[in-house]
Amino acid sequence: MSSTDSQDFTYADVGATRDQGFCPPGFHSMNVRTRLGEGEEVFRRASEAVLTWEMHRAMGVGIDAGADRAAPGVDVTVTLAGMIKAPCRVVWTVEEPRRAGWAYGTLPGHPETGEESFVVDRTGDGTVWLTVNAFSRAAKWYAKAGGPATRGFQHAYARRCGSVLRNLATQGGADA
């Protein structure tokens, strides 16, 4: 764990992204689902890329994590554009035969307040999906000033996660 270990989450409903339909009052919800491909190998590769931060790193964001793999209690700071630091802590993980992923919640200093999950699942017909589910609201002045543009950026980021992960899982490369 990093130095943010003693800090508290900046929102009350910690772990609530497990229920994709839940959004606390005063927060904006987001649910972006991307088809990655088909089959066990695509699921395995996608799951590993999500659980080991590879998807995020392949997107070009900085990742400073307290462990090589997502696990509850692991602190992670995401750095965007080399300037915006977003401290988070993993609140839950899942590793099942057809479902794998994790969620992190915001810590003090993050430009947003809320939680975001990244879950890979393989449906009964073998199709593999990434679902990015979140609830958030602006915390820093610049996120508040961005208004709807900030939420647009979050949706674009979630779609980019799917594009990058599809490439990692089907072709093994970082280009999307």
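These legends describe close-up views of aromatic contacts in a predicted model.

**View 1. Phe 22 and Phe 135 form an edge-to-face pair.** The model holds 10 aromatic pairs by the rule applied here. In this one, the ring centres of Phe 22 and Phe 135 lie 6.4 Å apart. Their planes meet at 90°, so the geometry is edge-to-face; the cut-off for that class is over 60 degrees. Phe 22 has 32% relative accessibility and so counts as partly exposed. Phe 135, at 1%, counts as buried.

**View 2. Trp 102 and Phe 118 form a tilted pair.** The centre-to-centre distance is 5.0 Å, with 45° between the planes. Trp 102 comes from strand 5 (residues 99-106). Phe 118 comes from strand 6 (residues 112-122). The pair therefore ties together parts that are 16 residues apart in sequence. Trp 102 and Phe 118 are both buried.

**View 3. Ring pairs build an aromatic cluster.** Its members are Phe 9, Tyr 11, Phe 22, Phe 27 and Phe 135.

**View 4. Arg 89 lies over the face of Phe 9.** The distance to the ring centre is 5.5 Å. Phe 9 is also one of the cluster residues.

**View 5. Arg 33 places its charged end over Trp 129.** The charged end is 3.9 Å from the centre of the Trp 129 ring.

Definitions and conventions
Residues are numbered from 1 along each chain as its sequence is written. This is a predicted model: local features need pLDDT of at least 70, side-chain atom pairs count only at pLDDT 80 or more; totals for chains, interfaces and linings use all residues. Side-chain values use heavy atoms; hydrogens and water are left out. Rings of Phe, Tyr and Trp (its six-membered ring) pair if their centres lie within 6.5 Å; planes under 30 degrees apart count as stacked, over 60 as edge-to-face and the rest as tilted. Buried means under 20% relative accessible area, exposed over 50%, partly exposed in between (1.4 Å probe, protein chains only). Helices (H or I, at least four residues) and strands (E, at least two) are DSSP runs, numbered from the N terminus. A charge sits over a ring if NZ of Lys or CZ of Arg is within 6 Å of the ring centre and within 35 degrees of the ring normal.
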